[in-house]
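Take a walk through this model, one region at a time. Keep the sequence open beside the coordinates.

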Amino acid sequence: MFSFRLPLGNSHIPADDIVDSDQIARPQLERNRASLDYDEPEENSHIKSNVKVLVVDDDDSMLDYLSDSLKHSYKIITARNGKEGLKYAVSQMPDLIITDVVMPEMDGIQLVKALKGNSLVSHIPVIMLSGKNKLQDRMLGLDTGADSYLPKPFYMSELKSLMSNLISNRLIVKGKYSGQQEQSSNVAEIQFESSDEQFMKRVMEIVNANISNSEFNITQMVDEVGMSRTQLHRKLKELTGFSAARFMQNIRMQQAMKLLKEKRVNVSQIAYSVGFASQTHFSTTFKQYYGVSPTEYIRQLEAEEKK
């Protein structure tokens, strides 16, 4: 049997060897910065200064670090929680979004779900940054709709390369006809060639022709298109990523957004013109889509004009 004794306290340790506990408890951000201590490659020359990036993180230190590191290549917009991030995503229409996962009010997972479920912003690529490194955490983020999941600590050069690739290779594969893009005048003016495009032209003509009819429903849409309810749902889901009901609502919301920007009629008139029998129902639906009420959106537009 062996035994040994350890002296209590620190009187037996030279003063120069004693380190204060505050020096040891460095924040995660400092470990991030330390991990980036190497020569980074030059910025890709094709990145332009007018590219907008929304950074969402409740940690002010991390938010400042990302902003300082990226501001020379991108126009940076910052938000401190998912709810605020969703609002800025809709009003500012960034080219890319970087979000933390753990945040108050609305976390990163909820934010991505809200973004991908909103036809106006569902095409914007999203990068998740998180200290949660387990496979199930990464898979949850990707399955939710994030385009990439980067664990912390990360290399800034890797993040920049990832951002550059996502921005330059952004492809709109779903929701092409869902109303997420601004239509200059009449949606039906888009040129179509393939059978799928001819089908979408027919559907969009029907929706536009009935956009102000609050009584128009999926049953009538099925009759107009001339196929079964199941076939219509499956076809629209395949081509746009949305059900027939959601697709029709997307078009109505896009038209409402357009009319609000034109400022030619009031909110009540807009509600009825896009097929809502109740202004309250319209306002609630609009806020679910865009993160702000129609009235708040008008105020945002007016504030932007005054700048």
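Is arginine 202 buried, partly exposed or exposed? Arginine 202 is partly exposed, at a relative accessible area of 38%. Here buried means under 20% relative accessible area, exposed means over 50%, and partly exposed lies in between, for a 1.4 Å probe and protein chains only. Arginine 202 sits in helix α8 (residues 195–209).

Some ground rules come next. This is a predicted model, in which local features need pLDDT of at least 70, side-chain atom pairs count only at pLDDT 80 or more, and totals for chains, interfaces and linings use all residues. Residues are numbered from 1 along each chain as its sequence is written, and side-chain values use heavy atoms, with hydrogens and water left out.

How confident is the predictor? The pLDDT, its confidence in each residue from 0 to 100, averages 79 over the chain. At least 70 is reached by 75% of the residues. Over residues 21–47 the pLDDT is below 50, and this stretch has 34 contacts in the model beyond near neighbours in sequence. Residues 180–187 also have a pLDDT below 50, with 20 contacts beyond near neighbours in sequence. A contact means heavy atoms within 4.5 Å. Where pLDDT is low, the predicted coordinates should not be read in detail.

Now the overall build. The chain has 14 helices and five strands. These are DSSP runs numbered from the N terminus: helices are H or I with at least four residues, strands are E with at least two. Of the 307 residues, 41% count as buried. Among contacts in the chain with a separation of 6 or more, 63% are between residues 24 or more positions apart.

Leucine 111 gives one such view of the interior. This residue lies in helix α5 and counts as buried, at 1% relative accessibility. Glycine 82 is 29 residues away in sequence, but its C-alpha is 5.3 Å from that of leucine 111. Leaving aside residues up to four places away in sequence, leucine 111 touches Val56, Gly82, Gly85, Leu86, Thr99 and Met106.

Turn to the loops. Glutamate 105 is in the loop between β3 (96–100) and α5 (108–116). Its phi is positive, about 65 degrees, although it is not a glycine. Glutamate 105 is exposed, with a relative accessible area of 63%. Lysine 263 also has a positive phi, near 55 degrees, and is a residue other than glycine. Lysine 263 lies in the loop between α11 (244–262) and α12 (267–273). At 36% relative accessibility, lysine 263 is partly exposed. Then there is a cis peptide bond, from lysine 152 to proline 153, with omega near -5 degrees. Proline 153 is found in the loop between β5 (148–151) and α7 (156–168).

Next, a helix pair. Helix α9 (residues 218–225) packs against helix α10 (residues 229–240) at about 90 degrees, with the axes 9 Å apart. Therefore α9 is roughly perpendicular to α10. The axes are lines fitted to C-alpha atoms, for helices over the stretch in contact, and angles run from 0 to 180 degrees between N-to-C directions. Roughly perpendicular covers 65 to 115 degrees. From α9, Ile218, Thr219, Met221, Val222 and Val225 meet Arg229, Leu232 and Leu236 of α10.

How many aromatic pairs does the structure hold? There are five. Rings of Phe, Tyr and Trp (its six-membered ring) pair if their centres lie within 6.5 Å, and planes over 60 degrees apart count as edge-to-face. Phenylalanine 276 and phenylalanine 282 form an edge-to-face pair, 5.5 Å centre to centre, with 65 degrees between the planes. Phenylalanine 276 is buried at 6% relative accessibility, and phenylalanine 282 is buried at 0%. Phenylalanine 286 and tyrosine 290 are also edge-to-face, at 4.6 Å centre to centre and 65 degrees between the planes. They are separated by about one helical turn because they are four residues apart in helix α13 (residues 279–290). Phenylalanine 286 is buried at 0% relative accessibility, and tyrosine 290 is buried at 1%. Ring pairs link Phe276, Phe282, Phe286, Tyr289, Tyr290 and Tyr297 into a cluster.

Key:
Rings of Phe, Tyr and Trp (its six-membered ring) pair if their centres lie within 6.5 Å; planes under 30 degrees apart count as stacked, over 60 as edge-to-face and the rest as tilted. Angles under 35 degrees count as roughly parallel, over 145 as roughly antiparallel, 65 to 115 as roughly perpendicular and the rest as oblique. pLDDT is the predictor's confidence in each residue, from 0 to 100.
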